[in-house]
Amino acid sequence: MNYEFSLGWLFGGLVITLAGGLVVIFYKQIADGLANGVSSYDKVKLFGIIAIIIGLICTANLHTFVLTLLVKLMFGR
């Protein structure tokens, strides 16, 4: 399999990572404004950390590898 590095996915992954980082930094304000307040602080931080991980995977262009691996596991080819 040939995996090519893409500058578009590099910048897209950096934007996703930055957005996730901002969610982790400002989780209290986001939870107070958009969610149920104190009871959802941990959920908002968790979503931010998940966004950071997804952003790093996209930045390294590993998303195609992960998706290909999942499809092969599901369909057995």
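Visitor: Which backbone oxygen does the side chain of T59 reach?

Guide: That of G55, at 2.7 Å. This is a polar contact (N or O atoms within 3.5 Å, one able to donate a hydrogen and the other to accept it; residues adjacent in sequence count only if both atoms are side-chain atoms).

Visitor: And what lies 3.3 Å from a polar atom of that side chain?

Guide: The backbone nitrogen of L14.

Visitor: Before we go on, what am I looking at?

Guide: A predicted model: local features need pLDDT of at least 70 and side-chain atom pairs pLDDT 80 or more, while totals for chains, interfaces and linings use all residues. Residues are numbered from 1 along each chain as its sequence is written, and side-chain values use heavy atoms, with hydrogens and water left out.

Visitor: Fine. Where does T59 sit?

Guide: In helix α3. Helices here are DSSP runs of H or I, at least four residues, numbered from the N terminus.

Visitor: Is T59 buried or exposed?

Guide: Buried, because its relative accessibility is 14%. The classes are buried under 20%, exposed over 50% and partly exposed in between, with a 1.4 Å probe and protein chains only.

Visitor: Which residues does T59 contact, beyond its sequence neighbours?

Guide: F5, W9, L10, G13, L14 and T17, leaving aside neighbours within four places in sequence. Contact means heavy atoms within 4.5 Å.

Visitor: T17 is in that list. Which helix holds T17?

Guide: T17 lies in helix α1. T17 counts as buried, because its relative accessibility is 19%.

Visitor: What does the T17 side chain reach?

Guide: The backbone oxygen of G13, at 2.8 Å.

Visitor: And which residues does T17 touch?

Guide: I52, G55, L56 and T59, not counting residues up to four places away in sequence.

Visitor: Now F5. Where is F5?

Guide: In the segment before α1 (7–25).

Visitor: Buried or exposed?

Guide: F5 is exposed, because its relative accessible area is 54%.

Visitor: How far apart are F5 and T59?

Guide: In sequence, 54 residues. In space, 9.5 Å, C-alpha to C-alpha.

Visitor: What else is F5 in contact with?

Guide: Setting aside neighbours within four places, F5 contacts L10, T59 and N61.

Visitor: Tell me about N61. Where is N61 found?

Guide: In the loop between α3 and α4. N61 counts as buried, because its relative accessibility is 8%. N61 has a positive phi of about 60°, although it is not a glycine.

Visitor: What span should α4 have?

Guide: Its 13 residues should span 18 Å at 1.5 Å a residue. The end C-alpha atoms are 18 Å apart, which agrees. The expected span is 1.5 Å times one less than the number of residues.

Visitor: Which helix gives the most to the patch?

Guide: α4, with 6 residues. L67 lies in helix α4.

Visitor: And where does I49 lie?

Guide: In helix α3. I49 is partly exposed, because its relative accessible area is 43%. I49 and G33 are 16 residues apart in sequence and 19 Å apart in space, C-alpha to C-alpha.

Visitor: Back to α3. What does A51 touch?

Guide: A51 touches I16 and G20, not counting residues up to four places away in sequence. A51 lies in helix α3. A51 counts as partly exposed, because its relative accessibility is 23%.

Visitor: Last one. Where is F26?

Guide: In the loop between α1 and α2 (27–34). F26 counts as partly exposed, because its relative accessibility is 40%. The C-alpha atoms of F26 and V44 are separated by 9.4 Å, and the two are 18 residues apart along the chain.

Key:
Helices (H or I, at least four residues) and strands (E, at least two) are DSSP runs, numbered from the N terminus.
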